[in-house]
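Hi,

Here is the structure I promised to pass on to you. Have a look at it first, and then read my notes below.

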Amino acid sequence: MNPATALATVLVDELVRCGLTDVVIAPGSRSAPLALALHAESRVRLHVRIDERSASFLALGLARRAERPVALICSSGTAAANFHPAVIEASESGVPLLVLTADRPPELRGTGANQTIDQLKLYGSAVRWFAEIGTPEDRPGQVAYWRSLACRAYQRAVGPDDPGPVHLNVPFREPLIPDGDPSWCEPLDGRAGGPWVRSRVAPPPVALHIPATRRGVLVVGDGAPNVRRYVAAAGMAGWPVLSEPNGGARYGDHAISTYHHLLGVPDFAGAYRPDVVVTLGRPGLSRPLLSWLERADEHIVVAPDLDRWPDPTRSASQVAQAVEIPVASGDDSWLHSWRQADAAARAALDEVLDTSGLSEPRLARDLVDMLPNGALLFCGSSMPIRDLDQAMRPRRGLKLLANRGASGIDGLVSTAMGAALAHNGPAYALMGDLSFLHDQNGLILGPREPRPDLCLVVVNNDGGGIFSLLPQAALRDPFERVFGTPHGVDLGYATAATGTPYTQVQDPSELSKALRGEGPRVVEVRTDRAANAVVHARLRDATEAAITAFLQDSRDSAASG
C-alpha cells in the first residue's frame, strides 16, 4: 500500500470512529486519496460539490443543524482559499468543521509548482486548531500518530465549550491512487470498540446565583446555550423574554415579540429598566435593544467559554458559564405591563401589515405562521432576518437558523441546503435576491447527490433593500449605483438553468400554495425598495403611537389608583 492511500484510509476510519457521519468534497487531483477512501466508506454520507465555496457553506449548514462536526475536503491551491469565508462564519458562530486541505509535499512548495500555495495556517485565527500532518511515510509509528491526531482534531472541533473549525493540512506524494498492494509495515487497524483516544466529559459548570427579583429580563440571541432551561426559569421568575428569531426562545406567554419597537420608544425604554438582564447568545439585530443594554444596571452574559464572550455594547457587569435564575415572590405587574405593551404594539403592527399589501415584513410574518410544526427555517442576513425580528409572532414547533457569526450574505443557498439535509422534516429558507444570486451555484446538484426537501423563498427587490433604510439613501446621486445595486436578473431563468422548480408570488393569498412541493424549489416574491421603506416608516409611526398611548394609560391608572 502506498503512503498516500494508507494515510487517507486511517484518517477516514478514525474520524468515523469519533462520530463523523457527513463529508463534503470538492473535486481535485491532490485530494484523490481522501476522496477515494471516503467513497469506499459506507458509514458516512458523502456530498460532492463542484464549487469549493458552495461546498464549504454546505458543510457549514450540515454541521450547524446536526450540531456535530462535518468534514470538508478539497485539493491544493486556491481551492483551499475558497473555504475561508465559511471557515470564518463557522468560527464566529461556533460551528464544528473539520477542514482537510490536500497539499503538495514540501519539496514542491516555493518552486513554482502547479497549484501550489502556502497553506500553512491558511485560515489564521479563524480556526480553533491547526496541524500540518506531514508527508506520510512507510515506517512504524505512523498509524498511532495519524489516529491520535484525528481524535484530537475531532474533539477540538466539538469543543465542547468552544466548538469551531479545525484545519488539517494533508500533503500527499504521488502515487495518489491505490496500487493494489494491501501490505503495510504495521497494522492499520484502530482500537477495538471506538476511537483511538477517548475524551472525558467535563462536569457541568457551577452556576452563578443572582438575587431574586421580579424585575428581570432574559435576552436571547444567536447561538444561545440551554435555551429551554433558561426560558423555563425566566417563566418561573416572572421575567419577560426578548428573543431574536434565531435565538430559539420566541415562544410561550413570556415572549415579547415587539421588543424592537417597544425599546425604540425612549419613554418606554427609560421606564422599563430592569434590576438585572441575563443575556444568552449573541444579540445583534436590534439597535434599540443594544442601546437599552448599554444602560442596564446589571448585565450578566452567559458564555460557555469564558475566553470568548459576546458583549458588543461593553455593558456586561458579570460573565458566567451558567446562571441560576431564582423564583421570586411578589406580584406580576412587571411582566403584566410588558405583555400589555407588547399586545398594543402587536395590534398596531399587524394592522399596518394587513393593510399594506405584499410587503417584506408581512411576508416574513406570514411565512412563519404558515410553516408546519417540525419545520426548519433558514433565514438570510441583511433585511430578511430583521423583518422576522420585527414582525414574527411567537410560536412553537419551528427550528430557525441563520448565519449570524459574521452576518455575511455569501453562501446562503448552500448553507440552507446543508441545514435541510441534516434536518428531519421539511425545510424552508428566506433570503434576498442579492444573497440568492451570490450563491446560485448552491442549486447545482449532481444526479447522485442527496437532495434536500427545501423551499427557497427569495425576496426580489432588484438590489440591496436594507440600504434604503439607512442614511445612505439620502445620497441620491450615487445611491442607486453603489448601494441599491440593481441587477435586473430574471430569477425564473436563473433557476431554469439548474432545472429547479420555480414559482412567483404576487399576492399574499398565493403564498401558502406556492410553498407546497418536495425537493429543492424556489418561490420568488417581487417587492419594491421604495415602497418597503414606506411600510417600515408606517410601522415605526404606528407602533410608537400605540406604545405612547399605553404609557399614558399606565400613568393615568397609577394616578387614579
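A residue is called buried when its relative accessible area is under 20%, exposed when over 50%, and partly exposed in between. Please keep in mind that this is a predicted model.

Let's start with the charged pairs. Side chains of opposite charge can pair when their charged atoms come close. The count here comes to 28 salt bridges. One of them joins D13 and R147, with the closest N and O atoms 2.8 Å apart. D13 sits in helix α1 and R147 in helix α6, 134 residues apart, so this pair links distant parts of the chain. R147 has a relative accessibility of 2%, so R147 counts as buried; D13, at 15%, is buried too.

D222 and R282 also meet in a salt bridge, at 2.5 Å from N to O. Both lie in loops, D222 between β8 and α7 and R282 between β10 and α10, so the pair ties together parts 60 residues apart in sequence. Here D222 is buried at 1%, whereas R282 is partly exposed at 24%.

Elsewhere, a network of salt bridges links eight residues: R346, D350, D354, R362, R365, D366, D369 and R393.

Now for the nonpolar parts. The largest nonpolar core has 46 residues, and V24 is among those with the most contacts inside it. A second, separate core has 42 residues, including V10 and I133.

Finally, which helix gives the most residues to the lining of the second largest pocket? That is α19, with five. The pocket holds about 650 Å³ of space, and H260 and R540 are among the lining residues closest to its centre.

Enjoy exploring!

Terms used:
Residues are numbered from 1 along each chain as its sequence is written. This is a predicted model: local features need pLDDT of at least 70, side-chain atom pairs count only at pLDDT 80 or more; totals for chains, interfaces and linings use all residues. Side-chain values use heavy atoms; hydrogens and water are left out. A nonpolar core is a set of buried Ala, Val, Leu, Ile, Met, Phe, Trp, Tyr and Cys residues joined through side-chain atoms within 4.5 Å. Buried means under 20% relative accessible area, exposed over 50%, partly exposed in between (1.4 Å probe, protein chains only). On a 1 Å grid over the protein atoms alone, a cavity is a set of points where a 1.4 Å probe fits but cannot get out, and a pocket is an open set with protein on both sides within 12 Å along at least five of seven lines; lining residues have an atom within 4 Å of a point. Grid points are joined across faces, edges and corners, and a volume is the space filled by probe spheres set on the points. Helices (H or I, at least four residues) and strands (E, at least two) are DSSP runs, numbered from the N terminus. A salt bridge is a side-chain nitrogen of Lys or Arg within 4 Å of a carboxyl oxygen of Asp or Glu.
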